[in-house]
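Please look at the sequence and the model below before reading on. The report after them goes from the overall layout to single residues.

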Amino acid sequence: MAFDSFAAFIDMGGYAAWVWTSYGLAALALGGILILTRRTLKAREREFETLKANRRGTP
Amino acid sequence: MHKFANPTQFMRIANAIYPWIAGLCLILFAAAIPIALVFSPPDYQQGETVRIMYIHVSSAWLMMMIYGIIAANSAMFLIWRHPMANLAARASAPMGATFCALALVTGMLWGQPMWGTFWVWDARLTSTLILFFLYIGYIALSDAFEDSERGDKAAAILALVGSINVPIIHYSVEWWNTLHQPSIMKASSEGIDSSVHPSLLLPLFLMMGAFTMFYFALLVLRLRSELLAAKIRNARLSQIAGHAAAQPAE
């Protein structure tokens with residue numbers, strides 16, 4: 001454990017702004033690309049299912 | 001190698017290993033984040049800002065590895081016309097661009113408190129910025145043509161030409177004077193020699209592992225998505241062809 005208290009942990013030795021911004025942006029970047037990927041995949045899955053259903057529907 | 005060119009076979013393997021990669025990614029993140037932020041000691045020179053390194057070096061490692069994967073897949077696509085190789089490169093490019101941007105931004109956030117400046121136009125930083133533009137160029141080019149095959153080919157050629165930049169980034173800290181610190185790890189005949197204390201290396205390796213598994217897990221999802229897009233395109237085309245045959249022109 002590198003910190004004596006929770007306040008010291010948040011303070012990051014006076015470098016709180018730099019450290020927390022870095023970790024926050026990393027979380028945002030990784031989370032963002034994960035959400036975008038899953039959303040596109042789900043939309044395409046739905047579209048493909050509709051296309052298949054339509055094809056069966058038309059004589 | 002060539003048997004992986006078959007999309008069905010490739011995806012069968014990829015889907016089978018997906019839960020393992022995703023699980024390993026979660027375990028590695030669960031270990032890496034608390035060790036990186038709480039349990040590892042501050043650096044004797046850089047203090048708590050050394051914690052930025054775990055994100056910065058992991059992102060930089062991925063931006064290089066992903067570019068290598070894109071270049072290798074582009075070569076396979078151009079030489080053997082493997083469609084899976086092209087899809088793997090296409091699916092990887094946005095992730096490579098994301099990690100490259102993250103490496104640049106976290107580098108700036110580390111540079112300002114430690115060097116006193118966000119940015120210097122030295123070899124390491126400039127060549128990394130060029131890598132970011134190569135990623136953007138690749139993504140733009142692969143979608144720039146009406147005929148997607150032409151766009152993919154142009155993008156693949158750009159990826160191969162741009163691969164000269166990867167060794168330049170790697171060796172830039174040795175070839176030119178720079179503010180950027182030299183490589184923290186050197187492979188020698190006596191194994192891996194590092195200037196970094198082991199207590200800082202553990203969170204770094206865990207974070208690099210977590211980032212790497214994150215890339216491979218997402219790559220499987222993105223390949224699934226790219227293959228579906230191709231299937232949708234084909235279904236649309238055959239639908240149009242079917243309509244044309246059913247209703248001959250008057």
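**Layout of chain B**

The structure is a predicted model. Chain B contains seven helices and two strands. Read from the N terminus, its elements come in the order α-α-α-α-α-α-β-β-α. The C-alpha trace of chain B spans about 85 × 40 × 35 Å along its principal axes. Chain B has 250 residues, and 36% of them count as buried. Among the contacts in chain B with a separation of 6 or more, 76% are between residues 24 or more positions apart.

**Where the two chains touch**

On the chain B side, 32 residues are in contact with 27 residues of chain A. The elements of chain B that each supply at least two residues to this side are α1 (7-39), α2, α3 and α7 (198-246). Of these, α7(B) gives the largest share, eleven residues. Sorted by class, the side of chain B that touches chain A has 20 nonpolar, seven polar and five charged residues.

**Two helix pairs in chain B**

Helix α4 (residues 123-142) of chain B takes part in both pairs described here. The table gives the axis values.

| Helix pair | Axes come within | Crossing angle |
|---|---|---|
| α3(B) and α4(B) | 9 Å | roughly 150° |
| α4(B) and α6(B) | 8 Å | roughly 170° |

How are α3(B) and α4(B) oriented to each other, roughly parallel or roughly antiparallel? Their axes cross at roughly 150°, and an angle over 145 degrees counts as roughly antiparallel. The two helices are therefore roughly antiparallel to each other. The crossing in which α3(B) passes α4(B) is left-handed. Residues of α3(B) that take part in the contact include B:Arg90, B:Ala97 and B:Leu104. On α4(B), the residues that meet α3(B) include B:Thr128, B:Phe132 and B:Tyr135. By class, the residues of this contact are 14 nonpolar, three polar and one charged.

The second pair joins α4(B) to helix α6 (residues 165-175) of chain B, and here the axes cross at roughly 170°. That angle makes α4(B) roughly antiparallel to α6(B) as well. From α4(B), the residues in this contact include B:Ala123, B:Ser127 and B:Leu134. From α6(B), they include B:Asn165, B:Ile169 and B:Trp175. The contact of α4(B) with α6(B) has eight nonpolar, four polar and one charged residues. B:Thr128 and B:Leu131 of α4(B) are listed in the contact with α3(B) and also in the contact with α6(B).

**The nonpolar core**

In soluble globular proteins, nonpolar side chains tend to be buried together. In this model, the largest nonpolar core has 69 residues. Which residues have the most contacts inside it? They are B:Met63, B:Ile66, B:Ile70, B:Met207, B:Ala210 and B:Phe214. At least two residues of the core come from each of α2 of chain A and α1, α2, α3, α4, α5 (148-162) and α7 of chain B. The most come from α2(B), which gives 17 residues.

Apart from neighbours within four places in sequence, B:Ala210 is in contact with B:Cys25, B:Leu28, B:Phe29 and B:Ala32.

**Residues in loops**

B:Pro42 sits in the loop between α1 and α2 of chain B. Is B:Pro42 buried, exposed or partly exposed? It counts as partly exposed, because it has 17 C-beta neighbours inside 10 Å. Leaving aside neighbours within four places in sequence, B:Pro42 is in contact with A:Ala2 and A:Gly13 of chain A and with B:Gly47, B:Glu48 and B:Val50 of chain B. B:Pro42 and B:Leu200 are 158 residues apart in sequence, while their C-alpha atoms are 8.4 Å apart in space.

A:Met12 has a phi of about 50° and is found in the loop between α1 (6-11) and α2 (16-57) of chain A. B:Arg81 has a phi of about 55° and lies in the loop between α2 (50-80) and α3 (83-115) of chain B. Their surroundings can be set side by side. A:Met12 counts as buried because it has 21 C-beta neighbours inside 10 Å. B:Arg81, with 12 other C-beta atoms within 10 Å, is exposed.

Key. Residues are numbered from 1 along each chain as its sequence is written. Chains are lettered from A and ligands numbered from 1 in the order in which they are written. This is a predicted model: local features need pLDDT of at least 70, side-chain atom pairs count only at pLDDT 80 or more; totals for chains, interfaces and linings use all residues. Helices (H or I, at least four residues) and strands (E, at least two) are DSSP runs, numbered from the N terminus. A residue is buried if 20 or more other C-beta atoms lie within 10 Å of its own, exposed if 12 or fewer, and partly exposed in between; C-beta atoms are placed from the backbone. Two residues are in contact if their C-beta atoms, placed from the backbone, lie within 7 Å. Ala, Val, Leu, Ile, Met, Phe, Trp, Tyr, Cys and Pro count as nonpolar, Asp, Glu, Lys and Arg as charged, and the others, Gly among them, as polar. Axes are lines fitted to C-alpha atoms, for helices over the stretch in contact, and angles run from 0 to 180 degrees between N-to-C directions. Angles under 35 degrees count as roughly parallel, over 145 as roughly antiparallel, 65 to 115 as roughly perpendicular and the rest as oblique. A crossing is left-handed if the near helix is turned anticlockwise from the far one by less than a right angle, and right-handed if clockwise. A nonpolar core is a set of buried Ala, Val, Leu, Ile, Met, Phe, Trp, Tyr and Cys residues joined through C-beta atoms within 7 Å.
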